[in-house]
Amino acid sequence: MEHRNSERKAVSLHAVIGCPRFGLIRGQIEDLGLDGLYISAQTSIVPIGAEVTVTFPPGEEICPGCLSIKGRVRHQSLQGFGVEFLSPEPRCIEALERLLPAMPPTLVRAAPLLRAI
């Protein structure tokens with residue numbers, strides 16, 4: 001069971017994940033909170049526990065340019081992976097605090113069921 005310190009909100013933001021071992025991965029942030037995010041990606045090669053940097057544009061009205069937040073992969077699925085933030089900079093926290101109130105809460109998702117044939 002996953003324990004979060006902040007509520008997640010539904011978003012749709014393009015992102016680039018930097019991982020020293022695997023390079024750059026493009027994805028789509030699906031939910032976002034003050035303590036982490038879930039990103040859908042075409043790959044799940046980033047191992048649980050790997051440290052990554054997630055870079056995304058929150059929108060010019062929120063923050064000019066892109067935000068880059070360091071984090072650690074906490075879980076994976078066939079569609080992507082969850083990242084827990086590691087000590088985000090005050091600038092990033094302020095931008096997230098402006099962005100998140102306008103976003104809808106996420107729906108609770110069940111883990112995908114895999115069946116053997």
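User: Through how many residues does a hairpin join β2 to β3?

Analyst: Strands (E, at least two residues) and helices (H or I, at least four) are DSSP runs, numbered from the N terminus. Two strands pair if DSSP finds at least two bridges between them. Here, a hairpin of 3 residues joins β2 to β3. The model is predicted: local features need pLDDT of at least 70, side-chain atom pairs count only at pLDDT 80 or more, and totals for chains, interfaces and linings use all residues. Residues are numbered from 1 along each chain as its sequence is written, and side-chain values use heavy atoms, with hydrogens and water left out.

User: How many bridges join β2 to strand β3, and which residue in β3 does Gly 27 stand opposite?

Analyst: Strand β3 (residues 36–41) is joined to β2 by 5 bridges, and the two run antiparallel. Gly 27 stands opposite Ala 41 in β3.

User: How do β1 and β2 run, and what joins them?

Analyst: Strand β1 (residues 9–19) and strand β2 (residues 23–32) run antiparallel, with 9 bridges between them. Ile 17 has Ile 25 in β2 as its bridge partner. A hairpin of 3 residues joins β1 to β2.

User: Is Leu 96 buried or exposed?

Analyst: Buried means under 20% relative accessible area, exposed over 50%, and partly exposed in between (1.4 Å probe, protein chains only). Leu 96 counts as buried because its relative accessibility is 1%. Leu 96 lies in helix α1 (residues 90–99).

User: Which residues is Leu 96 in contact with, leaving aside its neighbours within four places in sequence?

Analyst: Contact means heavy atoms within 4.5 Å. With those neighbours left aside, Leu 96 is in contact with Leu 32, Gly 33, Leu 34, Phe 56, Ile 69, Phe 85 and Pro 101. Leu 96 and Gly 33 are 63 residues apart in sequence, and 7.6 Å apart in space, C-alpha to C-alpha.
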